[in-house]
Amino acid sequence: MKETFTLAEMDQIAQSIRPKLANAPRVGIILGSGLGSLAEAVENQVRIPYPEIPDWPVSTVFGHQGQLVNGSLKDQPVLVMQGRVHYYEGYTMAQVALPIRVMQRLGIETLIVTNAAGAVNPAYEPGDLMLIQDHLNLIGMAGLTPLRGPNLDELGPRFPDMSQAYDRQLGAIALKAAQDSGIGMHSGVYCCLAGPSFETPADLRFLRSIGADTVGMSTVPEVTAARHGGTRILGISGISNKANLDGNTLTTHEEVLEAGKQIVPKLIAVINGVLSRI
Ligand code: HPA
């Protein structure tokens with residue numbers, strides 16, 4: 001399996017997918033842990049299992065299905081990733097970002113990225129949604145970024161701006177869509193760590209002190225590649241658990257998946273609301 005990709009290789013993968021699609025998707029959607037059932041809402045579905053796509057990274061984590069779902073949501077042609085991979089699974093950052101690169105080559109202009117996250121902000125409860133207003137790229141500050149290595153100038157600049165990583169207009173539309181559906185949605189900062197161990201109470205106190213509202217193990221590498229290529233981003237965290245600041249409760253993957261069941265209907269309402277407004 002290739003660990004880095006040239007532009008020609010990305011194009012080849014996009015070419016292998018294109019004939020299987022039922023439409024020309026403009027919006028990509030990435031579904032986080034426990035949120036895969038959202039893809040069932042896609043109309044006139046075409047499904048492409050990840051193992052059928054050359055070099056496509058396949059998730060090894062329970063709770064992540066592995067297929068692309070193409071079709072439409074609210075009359076928008078979409079390409080949904082039902083399952084994503086994480087750095088901790090052993091993939092290189094270029095492999096983690098490959099699906100984003102291929103989506104860009106397929107012509108996707110807007111990416112809706114979701115994740116399951118722990119609440120560092122004590123006001124957040126499991127089952128809540130948070131609009132990702134900005135992120136803390138701790139994993140990137142440690143040197144782990146999909147942009148490491150020769151820059152592919154055809155995709156984007158060597159030093160991409162990240163001052164507005166999350167599109168303000170899309171964020172405002174999402175907040176309005178949530179409000180119109182009677183869904184409360186927080187707005188805050190997502191912090192990405194490498195995982196896979198959950199945080200210690202001291203880690204969490206540190207994250208709170210530097211301004212994190214939610215914490216997780218995904219999203220930021222994908223957003224970095226997406227912004228490098230000029231893709232507009234809407235990011236939403238589904239809160240799966242409260243941070244264990246006092247060290248007296250355990251955090252488990254099971255509770256992350258369980259909270260997903262509460263989060264999915266809200267997320268569908270917000271995403272449908274956004275898609276019908278853009
Ligand atoms: N920490 C890190 N990642 C997570 C968490 C958490 O508490 N919950 C879901 N993903």
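Author: The lining of the second largest cavity divides into seven nonpolar residues, three polar and one charged.

Reader: What makes a residue nonpolar, polar or charged here?

Author: The residue type decides. Ala, Val, Leu, Ile, Met, Phe, Trp, Tyr, Cys and Pro count as nonpolar, Asp, Glu, Lys and Arg as charged, and the others, Gly among them, as polar.

Reader: What kind of model is this?

Author: The model is predicted, and local features need pLDDT of at least 70, side-chain atom pairs count only at pLDDT 80 or more, while totals for chains, interfaces and linings use all residues. Residues are numbered from 1 along each chain as its sequence is written, and side-chain values use heavy atoms, with hydrogens and water left out.

Reader: What makes a space a cavity?

Author: A cavity is a set of points on a 1 Å grid over the protein atoms alone, where a 1.4 Å probe fits but cannot get out. Rolling a probe the size of a water molecule over the atoms shows where empty space is left. Two cavities of 30 Å³ or more are counted.

Reader: How much space lies in the second largest cavity, and which residues line it?

Author: The second largest cavity holds about 40 Å³. Its lining (residues with an atom within 4 Å of a point) is Val 85, His 86, Tyr 87, Met 93, Val 96, Ile 139, Met 217, Ser 218, Thr 219, Pro 221 and Glu 222. The elements α2 (93–105) and α6 (220–228) each give two or more residues to this lining. Helices here are DSSP runs of H or I, at least four residues, and strands are runs of E, at least two.

Reader: Why is Thr 219 called buried?

Author: Buried means under 20% relative accessible area, exposed over 50%, and partly exposed in between (1.4 Å probe, protein chains only). Thr 219 has 0%, so Thr 219 is buried. Thr 219 sits in the loop between β8 (214–216) and α6.

Reader: What makes the link between Thr 219 and Ser 218 a polar contact?

Author: A polar contact is a pair of N or O atoms within 3.5 Å; within protein, one must be able to donate a hydrogen and the other to accept it, and residues adjacent in sequence count only if both atoms are side-chain atoms. The side chains of Thr 219 and Ser 218 are joined at 3.1 Å.

Reader: What about Asp 75: why is it classed as buried or exposed?

Author: Asp 75 reaches 73%, so Asp 75 counts as exposed. Lys 74 has 45% and is therefore partly exposed. Lys 74 lies in the loop between β3 (67–73) and β4 (76–82).

Reader: What is phi for Lys 74 and for Asp 75?

Author: Most residues other than glycine have a negative phi, and most peptide bonds are trans. Phi of Lys 74 is near 50°, a positive value. Asp 75 also has a positive phi, about 65°.

Reader: Is the peptide bond from Gly 195 to Pro 196 cis or trans?

Author: That bond, from Gly 195 to Pro 196, is cis, with omega near -5°.

Terms used. On a 1 Å grid over the protein atoms alone, a cavity is a set of points where a 1.4 Å probe fits but cannot get out, and a pocket is an open set with protein on both sides within 12 Å along at least five of seven lines; lining residues have an atom within 4 Å of a point. Grid points are joined across faces, edges and corners, and a volume is the space filled by probe spheres set on the points.
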